[in-house]
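Have a look at the sequence and the model first, then read on.

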Amino acid sequence: MILLAHALVRLVSFVLLVVLALAGLTLAVFSISTGTTGPSLGGLADLLSLATLRDTVDSWFAQLEAPGSAAATAAVCGLGAMLLGFVLLLGALLPRRERLVTLDSGDQGVLAARRRPLARAATALVEQVRGVSEARVRVRPRRRAGGRLVVRTSRTRSADPDQVKTAANEQLRALTDPFKLKSRIAVPRRGARVE
Amino acid sequence: MPRQRLRERTSPLVIIGRLVTLVFALALVWYGLMTLLLALKASSATVDSLSGYRTAFDWLSGLTQRDVDSGATRAIVAGAGLLAFLFFGYCALKQIPRPYFARRDLDLSADDRGEVKVEPRAIERLAEVAAAGHPAVTEARGRYAIDDLSVDITVRRARDLADALRESQERVVDALRRHELPAMPVNIILTGYERRHRRDIQ
């Protein structure tokens, strides 16, 4: 579905740009002379039958605004347009590849990480903290480089939340200090008892 | 060529096409919704105040030849049309994909006596062996392309992650140099973390 949306976006982008370019050229050419004949804007309006188009659209608007059977067709067209618009929005906004976390880049190349293994490594570090019974880490990559480690931990009944937070931060320094990573740690709840 | 990879050269101007499509998509959603509202017999005055469909239509249908026939108007229209043609035409050209095979033999030398080439798999294997030589790396997989050499690695120690990534890169760069292969960007990508033991309860 996403692949299809991406392909559709590429096709529509090209077609729209070609249409815009040709429309611009047509307007430029038909601005050469005046009147309603030859390469004039009046001539272009005649060529495109804009008067007929105006009457057609006007009568369609009138049908749409008045009670009648045109409403069903219009509703289907409206829904279809919205669906196509949403597909194009998906294709234009969703990234094409999996977003990697760029940890460092230099002349030798790039150091990067997939989000899940990086989160698992961070989880392993946080779960070594005394008093932490469970940790969940999510990695949010930044657009250019670096990212944020969002940590939620469960603590044992006897553990002090501030101490857990400080210790978890200390543990994560193995990841955050060498790279452009920042951590945000929340110790919101008491979790399962550790025995 | 089962390992062949197809890449494409993209221009920064692709973003213009994306923006135009984005605006078009938003217009489709918005005016689709307005059509739906009209079909559901919402007040046309309300829909017009939201979208301006009637106002725009009335303004356009009220245009006469006299409005567009003056010299200044035509000059502005012609200039804008020409600029639009050049700009959007150039952007449209840049949208055309330019694919190429990224995984090719590396030509080292060619003379009267023949050619010296290195197959991509040899370079990938070299990188894999160099990276996997690091004690924290359990698995390495190379992907050679003419632009760069990427190595996907799996590590086993979270604490040494930064060193493992940096040292793996240095090992691969060093291996390329030792084998007298041309220097190229070496990208190290962490694709796996092998957790041997669950946490020790303290």
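Which strands does H7(B) lie across? H7(B) lies across E1 and E2 of chain A together with E5, E6 and E7 of chain B, and runs at about 140° to E7(B). Helices (H or I, at least four residues) and strands (E, at least two) are DSSP runs, numbered from the N terminus. Angles go from 0 to 180 degrees between N-to-C directions, using axes fitted to C-alpha atoms, for helices over the stretch in contact.

This is a predicted model, where local features need pLDDT of at least 70, side-chain atom pairs count only at pLDDT 80 or more, and totals for chains, interfaces and linings use all residues. Residues are numbered from 1 along each chain as its sequence is written, while chains are lettered from A and ligands numbered from 1 in the order in which they are written.

**Confidence**
- The model scores ipTM 0.70 and pTM 0.70.
- Chain B has a mean pLDDT (the predictor's confidence in each residue, from 0 to 100) of 87, with 95% of its residues at 70 or more.

**Chain A**
- Chain A has six helices and five strands, in the order α-α-α-α-β-β-α-β-β-α-β along the sequence.
- Of its 195 residues, 31% are buried, meaning that 20 or more other C-beta atoms, placed from the backbone, lie within 10 Å of the residue's own.
- Gly78(A), Ala81(A) and Gly85(A) are among the buried residues of H4(A), which pack against helix H1 (2–29) of chain A together with helix H1 (14–39) of chain B.

**Where the chains meet**
- 58 residues of chain B are in contact (C-beta atoms, placed from the backbone, within 7 Å) with 61 residues of chain A.
- On chain B's side, H1(B) gives the largest share, 17 residues.

- Five strands form an open sheet with mixed pairing, in the order E1(A)-E2(A)-E7(B)-E6(B)-E5(B); strands pair if DSSP finds at least two bridges between them.
- The twist from one strand to the next averages 20°.
- Strand E2 (residues 109–113) of chain A runs parallel to E7(B), joined by three bridges, and Leu111(A) has Ile188(B) as its bridge partner.
- E1(A) and E2(A) are antiparallel, with five bridges, and Gly106(A) stands opposite Gly109(A).

Notes. Buried ≥ 20, exposed ≤ 12 C-beta atoms within 10 Å, placed from the backbone. Contact = placed C-beta atoms within 7 Å.
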